[in-house]
Amino acid sequence: MKLVRAWITPLIALVIAFGIGAILMITQGSDPLRAYESLFTTAFSTQEGLAKTFGKATPLAISGLAVVIGLRAGLFNIGAQGQLISGALAAAWAGYAITGLPMIAHVPLCLIIGAIFGSLVGYIAGALKAYRGIHEVITTIMLNSIVLQFAEYLSNGPLKEEGSIIAKTPPIADSAKIGSIAGLPIGFLLSGLLAVGVWWIFKKTTTGFRFETVGKNKNAAWYAGIAVKRNTVFAMVACGALAGFGGAVETLGVVGKFEPAFNQGLGFDGITIALLARANPLAVIPGAILFGGMRGAGPTMQFTAGVSPEIIDLILAIVLFFVTAPIISRIFKLKSDSNAQVTSGWGSN
Amino acid sequence: MLRLQAVGEVIKMMTSALRSRKSLYFYVVVIAIAFAYSVNSVSTVAVAASSITFGLPLAMAAMVGIMCERTGVVNIGIEGTLLTSAFFGFFVAALSQNLIWGLLAAIASGAVTGLLLALLTVSWKMDQIIAGTIVNILATGLTSFFYKQGYSLPAIFPRWSIPGLSDIPFLGRVFFQSGPITYFGLILIFVLYVAMYHTAWGLRTRAIGEYPSSAETSGISVKKFKYINVVIAGAFGGLTGAYLALELVGSFDRGFSAGKGFTALAIMIFGRWNPIGALLAAIFFGFAQALANQLMIDGLVAIPGPFINMLPYVLTIVVLAFSAGKVRGPAAAGQPYEREQA
């Protein structure tokens, strides 16, 4: 029964969002049934479509996990986007600049470098939160823009591929590429492992317990002898490392180089997925598969049904609205989920 | 209600401010401007004028944050308000070929985003940060789905030179040759300052932001006040969006507001939740941007473009790192208010 309750709100939210999406399509003169049919058959019925879906789902799942860790620790990490870009660029650099390594060493090295650079971005936000009391939402949003600008500078300057017209790095070496096993991208399998890992940390380890205690009640955590500030920094570093890892997986598995135009919006979808999953790491995976499918098949839907792919942005926004606002539980008389404060105010802590 | 007495008080306060120790900053700034003007008058005027142009939308957006937080609602959805209102302002003006309709649409749509935020935070007592994020993400989704290319405005709001005043060297170009929304926005900031500290409305608003249950005890309807203030703040944000779309830029694009709503929050904190303080902080931000641009144009330094673009964001973090901890916001901001049951 508890499980049903956890799933029912997100499901109703999805139904409502697709309904509103359909109405909007009708007002624009398109056929919603054809659009949704095209969307879902493209995403989930063919071998090729599924490969694309899982490929798109990978960074979404990992950035979703990065947001989940933050939410559990009482931090609203809007910065998965910047952390992910930082990791993606660092992994691309490690992928093309380091040569002569065997694959078994090169791939993990790139992933670790991606995670480190992602965690650096997370560290800045965590330290500013812990030691200066600046709300992480502001710092992470500012860092998103800063990292993007910096990445544009690097990929159009020092790290630019010679002779290229657009801003991008050289392609990564073959020894840094990760492929698929039996049609499933290895990156997606990694994201599944990470989800289990994050679940395990919160279920079984003291680290997870400390995160949650700080997230639920700072004063109680402090009273219980938990180093609140250090935990805040550590949680943001963990978020950043995950998101950076996700960016690295995207670079090594899909993009094969760094280009600023790619990777856009992945971190923001991660926020929606994390809230849809109600901060449950295992529920992030199905959410990411659904979103990945929609993102991957959006262009096809535009081609067959003439609906602009931005409808997906809007549908996801509506999903987020209905999942987080306590409307559904009111209308359907569900036992309401408590309106927990996951975040704290600023300037006064 | 604004009384003459209040205006007198402001003047008295300003004259006493000019004698206080803090006024040292003011004199330093005036001397620096005078010196720069004597060295290169063209660039100095350009930098000063752009400081206002860049700073004003940030100051106006910061007013949205101040009005909300002073009544205890953290508004992280300013970005969404700016985006929505710029969108409606631009497209209504472009479709009707009438800037006034655009302006009204922008203000109305801004008020609607405020209403949504009030509904989520005041009535439904949602986490205010998540509520604001929802406003932002909904605004992004709506404006990017309905965005169409190929529309243009009949014109942008023209500059109005105020006769006499606009001929004053330096000050005339900087302050008295601006568009109508600039004048209106600046006046509103001063009105908000007076209203916040010299009217019953301001006192009640601040009381709710500090200690809502005590305000309720003294007979103020906390819920109603919060609704009114957040909706008015949204309308003010709509005016800011109109300024961006109809007076400053004259176009609209996806992601048009470019983080200004978040920078505005930093400016609000830097300005200590005080309208005049926030205005000065915003002009400082505008100045940094204008100076960097001018240095590029004059060819004095070769800063790569991305670093110029990064400047407001870096400045936001640096300013917060130095000012946070030293300032304290309204005590009840961010907490849902529950009336105690008798």
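Which residues in α9(B) meet B:V222, B:F225, B:K226 and B:N229 in α11(B)?

1. B:R204, B:T205 and B:I208 do. Contact here puts C-beta atoms, placed from the backbone, within 7 Å. Helices are DSSP runs (H or I, at least four residues), numbered from the N terminus.

2. This is a predicted model: local features need pLDDT of at least 70, side-chain atom pairs count only at pLDDT 80 or more, and totals for chains, interfaces and linings use all residues. Residues are numbered from 1 along each chain as its sequence is written, while chains are lettered from A and ligands numbered from 1 in the order in which they are written.

3. Helix α9 spans residues 200–210 of chain B. Its axis lies 11 Å from that of α11(B), at an angle of about 110 degrees. The axes are lines fitted to C-alpha atoms over the stretch in contact, with angles from 0 to 180 degrees between N-to-C directions. That makes α9(B) roughly perpendicular to α11(B) (65 to 115 degrees).

4. α11(B) covers residues 222–249 and has 28 residues. From first C-alpha to last, α11(B) reaches 39 Å, close to the expected 40 Å (1.5 Å times one less than its number of residues). α11(B) bends by about 35 degrees at B:Y243, the angle between axes fitted to the seven residues ending there and the seven starting there. B:G250 follows, with a positive phi near 80 degrees.

5. How many residues of α11(B) are buried? The count is 21 of the 28, so α11(B) is largely enclosed by the rest of the structure. Buried means 20 or more other C-beta atoms within 10 Å of a residue's own, again placed from the backbone.

Note on methods. Helices (H or I, at least four residues) and strands (E, at least two) are DSSP runs, numbered from the N terminus. A residue is buried if 20 or more other C-beta atoms lie within 10 Å of its own, exposed if 12 or fewer, and partly exposed in between; C-beta atoms are placed from the backbone. Angles under 35 degrees count as roughly parallel, over 145 as roughly antiparallel, 65 to 115 as roughly perpendicular and the rest as oblique. Two residues are in contact if their C-beta atoms, placed from the backbone, lie within 7 Å.
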